[in-house]
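Colleague: I am new to this structure and would like to learn how to read its features. Could you take me through a few of them?

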Amino acid sequence: MKTGTLYLKPKTLYLKPKKEESLLRFHPWVFSGAVASVEGEPAEGDVVEVYGSDNRFLGTGHYQAATIMVRILSFKPVAIDLAFWKDSIGRAYELRRSLGLAGAGTHNTYRLIHGEGDHLPGLIVDVYAQTAVIQSHSIGMHRDRKRIAAALCDVLGDGIRRIYYKSEGTLPARTAPVDENEYLFGEDCDDAHVAVENGLKFRIDWMKGQKTGFFIDQRENRTLLERYACGRAVLNMFCYTGGFSVYALRGGASLVHSVDSSAKAISLTNENVTLNFPGDSRHEAFAEDAFKFMENIDGRYDLIILDPPAFAKHKDALRNALQGYRKLNVIAFKKIRPGGIIFTFSCSQIVGKTDFRLAVFSAAAQTGRRVRILHQLTQPADHPVNIYHPEGEYLKGLVLQVE
């Protein structure tokens, strides 16, 4: 150590014996039960180094006094500084460019950072035209938000004009409250709220809407639905901003009905339909309870989309969630016309593919109708799944033909 240099010992965690296996397999979480000791008194969100019981370095990440105590950012010793953020975001951006998702023209809506899938657990960044929306799911990401914004400006350059931070409601309750979501760069502009997906326009409400304002993860599934829509009577349940409805209209549906319990969602749906198909009499929207609406649709539709919000966010709610999926799909199987198509989804991370399929299969068996699987669906490539973190595969869906 050079004379006069201030040496700050890194804050460190040491694991219990035999608790390092998951990190050696590059799983990015350290659970509190695996920790033997904590040195340096880290504060919530501090960067810490993790060592095994044999003093072997295992990783660097954000500390949090919670069940998931550390979210690993690197399995090599590295400073979590502006250069780190530029490099990490730059690599994520290059992937989206290679996929043909980043850029202007007929498509400017995509997810730039998908948490563990991009080796940045706790961070979500969605891009809508020239606006980036940041959402933090950990205190460490919240504390680093300004450096993340600076790195985004550097990587995206002139392609970005504003960065909105929206983490109220996604951070742990004990965190110093985020009183207001805010612009970290640029300022609001009404015209900026319209983005383009596959040539279709959508108004994005990143300030008050769900998540970051739009469900980008259904983009490829909406494209698939468009192929099935021609000449069909379409019912889009839990429509939110009407993404599936707009694609169905472009696909040549004979009629499209959109249903959501939220009047705000219905307003957004109607606005998005008008943006793309002004005055189109094929579309009608209803602010009603989903289950109540579906009880009275006997034989009216031959294409039904079931894309409900997460029925379960915690493991103790799994049983009730599976019952909810069964109930919802039973009604659709009973009510759809012979030869009809059902797109059915679960976005609950704790509901695995096998459990979801069993719930749908049980619903089909209960109705006694013959059902075939045409497609098995998941999230798109800009929502990548880290192979060492299979929990990241949250979206699952089935396209079913009902005789």
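Colleague: Let me start with one side chain: is Glu 271 buried, exposed or partly exposed?

Modeller: The general idea is to ask how much of a residue's surface a probe can reach. Buried means under 20% relative accessible area, exposed means over 50%, and partly exposed lies in between, using a 1.4 Å probe and protein chains only. Glu 271 has 34% relative accessibility, so Glu 271 counts as partly exposed. Keep in mind that this is a predicted model, in which local features need pLDDT of at least 70 and side-chain atom pairs count only at pLDDT 80 or more, while totals for chains, interfaces and linings use all residues. Residues are numbered from 1 along each chain as its sequence is written, and side-chain values use heavy atoms, with hydrogens and water left out.

Colleague: Which residue does Glu 271 meet in a salt bridge?

Modeller: First, the idea: side chains of opposite charge can pair when their charged atoms come close. The test here is a side-chain nitrogen of Lys or Arg within 4 Å of a carboxyl oxygen of Asp or Glu. Glu 271 passes it with Arg 203, at 3.3 Å from N to O. Arg 203 sits in strand E13 (residues 200-203) and Glu 271 in helix H7 (residues 263-276), so the pair ties together parts that are 68 residues apart in sequence.

Colleague: How many salt bridges does the structure hold?

Modeller: There are 22. One of them joins Lys 11 to Asp 46, whose closest N and O atoms are 2.6 Å apart. Lys 11 lies in the segment before strand E1 (12-15), whereas Asp 46 is in the loop between strand E3 (35-39) and strand E4 (47-51), so this bridge ties together parts that are 35 residues apart in sequence.

Colleague: How accessible are Lys 11 and Asp 46?

Modeller: Lys 11 has a relative accessible area of 28% and is partly exposed. Asp 46, at 9%, counts as buried.

Colleague: Where does Lys 353 find its partner Glu 393 in the structure?

Modeller: Begin with the distance: the closest N and O atoms of Lys 353 and Glu 393 are 3.6 Å apart, and the two form a salt bridge. Lys 353 belongs to helix H10 (residues 353-367), and Glu 393 to the loop between strand E19 (371-377) and strand E20 (396-402), so parts that are 40 residues apart in sequence are tied together. Lys 353 is partly exposed, with a relative accessible area of 39%, and Glu 393 is also partly exposed, at 29%.

Colleague: How far apart are Asp 298 and Lys 335, in sequence and in space?

Modeller: They are 37 residues apart in sequence, yet 4.6 Å apart in space from C-alpha to C-alpha. Their side chains make a polar contact at 3.1 Å. That term means a pair of N or O atoms within 3.5 Å; within protein, one must be able to donate a hydrogen and the other to accept it, and residues adjacent in sequence count only if both atoms are side-chain atoms.

Notes. Helices (H or I, at least four residues) and strands (E, at least two) are DSSP runs, numbered from the N terminus.
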